[in-house]
Amino acid sequence: MSLVFRQLFESESSTYTYILADSVTKEAIIIDPVKETLERDMSLLEEMHLKLKYILETHVHADHITSAGTLKEKTKAKIVLGVGTGLETADVLLEDNETLSFGSHKIKAIRTPGHTNGCTSYYIDGYVFTGDALLIRGCGRTDFQEGSAETLYKSVKGRLFLLPKDTLVYPGHDYQGRTCSSIAEEMQSNPRLRISVSEGDFIEIMNNLKLEKPKKIDVAVPANLKHGL
């Protein structure tokens, strides 16, 4: 199999970063890189002789600062976000179902707003990278940054849960050490979004979470609108 895949973790914000590459051409993409782990990611790319082509963000993050801008400066890779972000400083704004190529592989954008307007999941070869739209046994919150429980419910139930059931789910975060799930597992076992949960139930759950706002939101969002620079 010519797809290289690495899952990496940043402990302060419990963020997953993903590197995917074509083992033949060595063209690579990175999803949701974090400022604090820039050197780690750069070292891995160099050690594996990978040529970074695209830097994909699932959304404008509120809990950590991205390293996308610095990665672009160092590698000349293009910064990619979903069109829903409206972030015109990105090199590429992907439309729903639009694809990007690296080597012989194609990765497809799936618009999954609700946590933010610009949230985009990425699907490739039986993997889906869901950012904060769908977490393992949970989902991103909807109480700030254009959040909408109604919209998120439709994104998960109407888009992600229509993927093949054996699709592996790789989220943007996990706070309990879990690394991977599947569409079938989340449909059956996600307490907020399993099949038996109605839209009204979901909206009530999300409206009553009573969470504190992310510690870094006032710094992270303005920084991430400038790709972390």
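Where does S67 lie? S67 lies in the loop between β4 and α2, and the sections below begin with the model itself and then return to this residue.

## About the model

This is a predicted model, in which local features need pLDDT of at least 70 and side-chain atom pairs count only at pLDDT 80 or more, while totals for chains, interfaces and linings use all residues. Residues are numbered from 1 along each chain as its sequence is written, and side-chain values use heavy atoms, with hydrogens and water left out.

Helices (H or I, at least four residues) and strands (E, at least two) are DSSP runs, numbered from the N terminus.

## Two residues and their surroundings

S67 counts as buried because its relative accessibility is 2%, where buried means under 20% relative accessible area, exposed means over 50% and partly exposed lies in between (1.4 Å probe, protein chains only). Not counting residues up to four places away in sequence, S67 touches P33, V34, K35, L38 and H227, and contact here means heavy atoms within 4.5 Å.

E199, found in helix α5, is partly exposed, with a relative accessible area of 26%. Leaving aside its neighbours within four places in sequence, E199 is in contact with E150, Y153 and K154. The C-alpha atoms of E199 and E150 are separated by 6.9 Å, although the two residues are 49 places apart along the chain.

In helix α3 (residues 149-158), the buried residues are A149, L152, Y153, S155, V156 and K157, and these pack against α5 (199-207). An α-helix has 3.6 residues a turn, so residues three or four places apart point the same way.

## The nonpolar cores

A nonpolar core is a set of buried Ala, Val, Leu, Ile, Met, Phe, Trp, Tyr and Cys residues joined through side-chain atoms within 4.5 Å. The largest one holds 26 residues, of which I19, L50, L52, I55 and L71 touch the most other members. The elements that give two or more residues to this core are β1 (3-10), β2 (15-22), β3 (27-31), α1 (38-47), β4 (51-56), α2 (68-75), β5 (78-82) and α6 (217-224). Helix α1 gives the most to this core, with 4 residues.

Beyond its neighbours within four places in sequence, L52 is in contact with A28, I29, I30, L45, L71, T75 and A77.

## Strands and hairpins

Strands of a sheet pair through backbone hydrogen bonds, either parallel or antiparallel. Two strands are said to pair here if DSSP finds at least two bridges between them. An open sheet of 6 strands has the order β7-β8-β9-β10-β11-β12, with mixed pairing; its edge strands, β7 (99-102) and β12 (181-182), each pair on one side only.

Within this order, β7 and β8 (residues 105-111) pair in the antiparallel sense over 4 bridges, with S101 opposite K106 in β8. Their hairpin has 2 residues between the strands, and G103 takes a positive phi near 60° there. Strand β8 also pairs in the antiparallel sense with β9 (residues 120-124), over 4 bridges, and K108 stands opposite Y123 in β9. By contrast, β10 (residues 127-131) and β11 (residues 168-171) pair in the parallel sense over 4 bridges, with Y127 opposite L168 in β11.

Strands β1 and β2 run antiparallel and are joined by 8 bridges, and the bridge partner of Q7 in β2 is Y18. These two strands form a hairpin with 4 residues between them, where S14 in the turn has a positive phi of about 55°.

## Pocket and cavity

On a 1 Å grid over the protein atoms alone, a cavity is a set of points where a 1.4 Å probe fits but cannot get out, and a pocket is an open set with protein on both sides within 12 Å along at least five of seven lines; lining residues have an atom within 4 Å of a point. Grid points are joined across faces, edges and corners, and a volume is the space filled by probe spheres set on the points.

The largest pocket has a volume of about 810 Å³ and is lined by 30 residues, of which S13, D63, R141, Y175 and P214 lie nearest its centre.

The count comes to 1 cavity of 30 Å³ or more, and the largest cavity has a volume of about 40 Å³. Its lining is formed by E57, H59, V60, H61, T66, L81, L87, N224 and H227.
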